[in-house]
Amino acid sequence: LRAVEKDSQNAAARAAYDAASRRVADDYKGRVRAQAAADSLRAADLALEFRGFRGSVAAHGTSLVPDDAYESDETRILGAAARTHYRFGRAALTAKRPKEAWGEFEACRHFDGWADAERLQARALEAATTRVALFPFEDGVRVPGLSQEVAGQVDRELARRGNGAFRFTQMVDPTHLAEIMTVAQANRMTRDDALALGRKVGADRVVVG
């Protein structure tokens with residue numbers, strides 16, 4: 001592969017790469033089919049890995065010999081995996097375990113999807129998501145502007161770190177919070193004020209300190 005990447009016109013390297021690719025492809029097919037007899041979900045993972053290999057081979061200009069029988073087996077294996085995770089996802093939704101359901105529908109879609117998995121995954125995400133309102137921290141040392149400065153830094157850090165880490169957490173837009181707070185509340189937020197404002201913006205949790 002490295003030789004072909006260096007010089008795609010190198011006939012000897014191309015011939016060796018083609019031959020090696022066919023050997024690796026045959027090995028994948030045998031392992032996928034053998035794994036399917038023992039563990040269909042692991043076989044599906046291996047089948048997707050093999051798909052990635054085929055894509056890489058094609059991207060480097062090599063065509064593998066078509067194998068309709070294997071393609072049929074792969075479609076069946078991936079379909080069975082998708083169906084299994086879809087069933088688990090439906091069960092988790094019914095049992096009111098939306099985070100678990102979200103993961104199962106994600107796995108279902110990973111294996112080519114199944115029925116309305118995308119719609120149900122969105123429903124699971126909505127049920128699993130907690131809306132959090134983070135209010136400015138009270139400045140106990142009374143330094144003008146300190147509370148707002150700390151709040152701004154916290155908001156920036158949350159925005160920077162939050163992608164992916166807070167999959168089931170949605171922070172209420174701080175601009176929206178600023179619009180509904182009085183100056184007195186921004187400087188000193190009582191528990192009752194925080195709860196009332198949190199309800200006003202539809203938050204499930206409020207953070208003060």
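Mentor: Helices (H or I, at least four residues) and strands (E, at least two) are DSSP runs here, numbered from the N terminus. By that count the protein has 10 helices and three strands, and from the N terminus on their order is α-α-α-α-α-α-β-α-β-α-α-α-β. This is a predicted model, in which local features need pLDDT of at least 70 and side-chain atom pairs count only at pLDDT 80 or more, while totals for chains, interfaces and linings use all residues. Residues are numbered from 1 along each chain as its sequence is written, and side-chain values use heavy atoms, with hydrogens and water left out.

The part to look at is α10, residues 191–200. Ala-194, Leu-197 and Gly-198 of this helix are buried (under 20% relative accessible area, with exposed over 50% and partly exposed in between, for a 1.4 Å probe and protein chains only). These three lie on the same side of α10 because they cover an arc of only 105 degrees around the axis, the arc being that of the directions from the helix axis to the C-beta atoms. Exposed residues are found on the other side of α10, namely Asp-192, Arg-199 and Lys-200.

The buried residues of α10 pack against three elements: α8 (174–180), α9 (183–187) and β3 (205–207). Contact here means heavy atoms within 4.5 Å. After α10 comes Gly-202, with a positive phi near 75 degrees.

Most residues other than glycine have a negative phi. A positive phi in such a residue occurs at Lys-96, where the value is near 60 degrees. Lys-96 belongs to the loop between α4 (68–94) and α5 (98–110), and counts as exposed because its relative accessibility is 73%.

Now the setting. The C-alpha trace spans about 75 × 45 × 25 Å along its principal axes. Of the 209 residues, 33% are buried. Among contacts with a separation of 6 or more, 64% come from residues 24 or more positions apart.
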